[in-house]
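Thanks for coming. I will go through one model today, starting with a few single residues and then moving to the overall layout. Please have the sequence and the coordinates open.

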Amino acid sequence: MKKVVPLKALLCAFFCFLLLIPAISGCKEKNDINDNPLIPSESQKEEDKPTLYAAKASVIATNSSVSDLSSKIGTSDLVSSLAIIDTCVDAMKTYSFYEVVLKQPEIAHLNLLTEELREMTEIKRRNDESLFIDIEVYSGDAKTAVILANAIAAISPEYISNILPGFHIVVADKAISASLAD
C-alpha cells in the first residue's frame with residue numbers, strides 16, 4: 001500500500017527549502033552578508049562575543065620567619081614557605097574571603113554578589129617553585145577588572161594573617177591596566 005503525503009505538507013517543505021537555498025549555497029562560502037537571520041555571518045559571530053578584559057595582581061606568601069623579604073632567606077625557610085603556598089591559595093578561594101573583599105569601600109559600589117566575584121576571579125600559584133600567587137580578574141570593563149584585582153591583593157595580607165597566623169603575605173605587583181582576555 002502506498003503512503004500518500006498531503007499536498008499541503010509537500011508545498012510547505014518545498015517553500016522552506018527555497019528559503020534556505022541562498023543560505024546554504026554561496027553566502028557562507030563567499031563571506032557575503034547573510035540575509036538569513038538563522039545563520040549568523042562571520043562578522044555577526046565576532047560582534048556577538050562580549051569583550052572581556054583581564055587584570056592581574058600578584059602577592060608573595062611566606063611563613064612568618066621570612067616576613068622581611070629584603071633579608072637573606074635560608075633553605076629551610078624557603079622550603080617551608082613553598083609548602084604553605086597552596087594553603088594560602090585555598091584560603092583566598094573561600095566564600096568568606098570573597099565576602100570580606102566585597103565589603104571593601106573601593107568595590108562596594110559595584111554591587112557584586114559573592115558568587116559573581118568568584119566566577120570572575122582566578123587565583124593560582126604561579127608555579128611549583130615560586131612563592132608568588134597570581135590573582136587574575138576578568139570583567140567586561142577594564143577599569144573594574146583592575147579595581148577588583150587590586151582589592152583582592154590588598155585584602156589578602158590581613159585576611160591570611162588573621163586566619164593562618166604563621167603565614168605572611170605581601171603585595172608584589174598591583175594591576176596597572178587590563179588587557180583583552182584570551
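Asn63 counts as buried, because its relative accessibility is 13% and buried means under 20% relative accessible area, with exposed over 50% and partly exposed in between (1.4 Å probe, protein chains only). Asn63 sits in strand S1; helices (H or I, at least four residues) and strands (E, at least two) are DSSP runs, numbered from the N terminus. Between the C-alpha atoms of Asn63 and Ser80 the distance is 6.9 Å, at a sequence separation of 17 residues.

A word on what this is. The model is predicted, so to speak of local features we need pLDDT of at least 70, and side-chain atom pairs count only at pLDDT 80 or more, while totals for chains, interfaces and linings use all residues. Residues are numbered from 1 along each chain as its sequence is written, and side-chain values use heavy atoms, with hydrogens and water left out.

Next, Ala83, which lies in helix H3. Is Ala83 buried or exposed? Ala83 is exposed, because its relative accessible area is 56%.

Tyr95 belongs to helix H4 and Thr114 to helix H6. They are 19 residues apart along the chain, with 7.0 Å between their C-alpha atoms. Tyr95 counts as partly exposed, because its relative accessibility is 41%. Thr114, in turn, counts as buried because it has 10%. For contacts, the criterion is heavy atoms within 4.5 Å. Leaving aside neighbours within four places in sequence, Tyr95 is in contact with Thr114, Glu115 and Arg118.

In the loop between helix H5 (105-108) and H6 we find Asn111. Asn111 counts as exposed, because its relative accessibility is 65%.

Thr121 is in strand S2, residues 121-125. It is buried, because its relative accessible area is 11%. Which backbone atom does the side chain of Thr121 reach? It reaches the backbone oxygen of Leu117, at 2.7 Å. The polar contact criterion here is a pair of N or O atoms within 3.5 Å; within protein, one must be able to donate a hydrogen and the other to accept it, and residues adjacent in sequence count only if both atoms are side-chain atoms. Not counting residues up to four places away in sequence, Thr121 touches Tyr98, Ile135, Glu136, Val137 and Ile152.

That brings us to the core. The largest nonpolar core has 37 residues, and Met92, Ile123, Ile133, Ile152 and Ile160 have the most contacts inside it. A nonpolar core is a set of buried Ala, Val, Leu, Ile, Met, Phe, Trp, Tyr and Cys residues joined through side-chain atoms within 4.5 Å. Elements that each supply at least two residues of this core include strand S1 (53-63), helix H3 (75-92), strand S3 (132-139) and helix H7 (142-163). H7 gives the most, with 10 residues. As for Ile160, its contacts, apart from neighbours within four places in sequence, are Cys88, Ala91, Met92, Pro165, Phe167 and Ile169.

H7 itself has 22 residues and reaches 31 Å from first C-alpha to last, close to the 32 Å expected at 1.5 Å a residue; the expected span is 1.5 Å times one less than the number of residues. Where is its kink? A kink of about 40° lies at Ser156, shortly before the proline Pro157; the bend at a residue is the angle between axes fitted to the seven residues ending there and the seven starting there. Buried residues in H7 include Ala149, Ile152, Ser156 and Ile160.

Finally, the totals. The protein has 7 helices and 5 strands, in the order α-α-β-α-α-α-α-β-β-α-β-β from the N terminus on. Of its 182 residues, 32% are buried. Among contacts with a separation of 6 or more, 68% are between residues 24 or more positions apart. The protein exposes about 11900 Å², and carbon and sulfur atoms supply 58% of that; accessible areas come from the Shrake-Rupley method with a 1.4 Å probe, and for residues only the protein chains shown count as cover.
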